[in-house]
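Here is a friendly walk through a few spots worth looking at on your screen. Have the sequence and the model open as you read.

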Amino acid sequence: MSRIKRLSVACSLLAALFAAQALHAATYYVATTGNDANPGTGAVPWKTVAKAVNFMVAGDTTYVRGGVYAEGVIRFNKSGTQAAPIKLLNYPGEFPIIDFVNGQAPTYDRILIQHASWYNHAIGWITIEGFEIRDGFEGIKYYNLHDSVIRRNWIHDNVNQGVIGPGSTRVLITQNRINHNGPFATNPTSTQAHGLYLHGSALTITNNVIYDNLGYGLQQNGSSTSVYSSTKHAGPEFAGAANWIVANNTFAYNKNRGGMVVWGALCTNARIENNIFYENAVAVPSTPQGIECTASCSPATGIQIRNNHFYASGSGGTAGVGPGFHAGTVITGNVTNVSAPAFVNGGNNALPASPDFRLTAQSPAINMGLNLYADGVRTDFAGVARPQTGPFEIGAYEYGSAPPVVNLPPAKPRGLRLQ
């Protein structure tokens, strides 16, 4: 067969494949009034999120109506494709709550993204958007995830990490509220439960509000545990911790560690820009409360720490960038303990009951950020376009954003929840 004929056959097969995907693509619905024996349509929806996630294939979208869903493990085990992703979304204008039944052993309830062929296989083209995710062992755990989006979720009161990702590439985590994760009830001095604990390449973490977690707000794992292994990783790009963008987040009041840690020598070519680090390391006096360097991160090259705002006022950690970074690390444009970021309701060395990390008109973070529009940072936590008045603001919010939407779910007996 000639080369031209082979190309023609290949193109025909690809066209047929894409046509089949487009033909199959379906939209499903979940509602608290549904039944998992239903077909999952708008008129006769499913009852559980787990049913939808198990059923969906490439090209499918599920909309989940408002309400509280008592769930066990919700497992994605199939990939979408670039042309036909799998999407789990909130129904427009509604904010469903995934309330896990058991965040402890033996079930370890959580959203789990793990390929059916085992965790060292790649899985990707998945979007999770618009949920409150609470009371699990973790909120979300993924293995070898690629080309996926975790957006606009409220991930809180999970026993271990908010989001843990051992292996990933080209994952976007944006516009999430991630708070109060860790074993607060059973081990309040734990330093191992973080808002986000991730490794892999080309991760983008932007416009998140990450506060009041027991450990770090974000752990960039470039330590020995992230070294490429074919038994753990789907490919070398899922290992290490290279080429990250961590930008325009607000890290506040993380209890037993700082806002972020660069952990290990494989944390190369990271850009940490336009973030606010406020009153972290609450219970750890004299500890760098902004960005720390541990696990021999000093060989890590290509790191840029630019235009961040660091502030700590009281008995917790000191403000700023910790020691130990490579001599070539670019640390410039940062503001450290000059003035508070002037939040609408950020508290004064104590987390308020209803924090609001929007900026007031007096905030020194206004117009002090790098313009990251070309890097894809084009909205803030609330979806407001960036920039509004020339330069970017520092932190998760552009000045003038609307108040955050606070979901008030039905009360649950406190004895059944972590405090």
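## Ground rules

Helices (H or I, at least four residues) and strands (E, at least two) are DSSP runs, numbered from the N terminus. This is a predicted model, in which local features need pLDDT of at least 70, side-chain atom pairs count only at pLDDT 80 or more, and totals for chains, interfaces and linings use all residues. Residues are numbered from 1 along each chain as its sequence is written, and side-chain values use heavy atoms, with hydrogens and water left out.

## Two loop residues

Ser224 sits in the loop between β19 (218-221) and β20 (245-247). Its relative accessibility is 63%, so Ser224 counts as exposed (exposed is over 50% relative accessible area, buried under 20%, partly exposed in between; 1.4 Å probe, protein chains only). Ser224 and Ala265 are 41 residues apart in sequence, with 8.4 Å between their C-alpha atoms.

Gln161 belongs to the loop between β13 (154-156) and β14 (163-174). Gln161 counts as buried because its relative accessibility is 5%. Leaving aside residues up to four places away in sequence, Gln161 touches several residues, among them Phe137, Asn181, His194 and Tyr197 (contact means heavy atoms within 4.5 Å).

## The cysteines

One disulfide turns up in a search of the whole structure, a disulfide being a pair of cysteine sulfur atoms within 2.5 Å. Cys293 and Cys297 are the partners, with 1.7 Å from S to S. Their link is left-handed, at -125° about the S-S bond. Cys293 is buried at 14% relative accessibility, and Cys297 is buried at 1%.

What about Cys267? Its sulfur lies 6.9 Å from the closest cysteine sulfur, in Cys297, which is too far for a bond. Cys267 is buried, at 0% relative accessibility.
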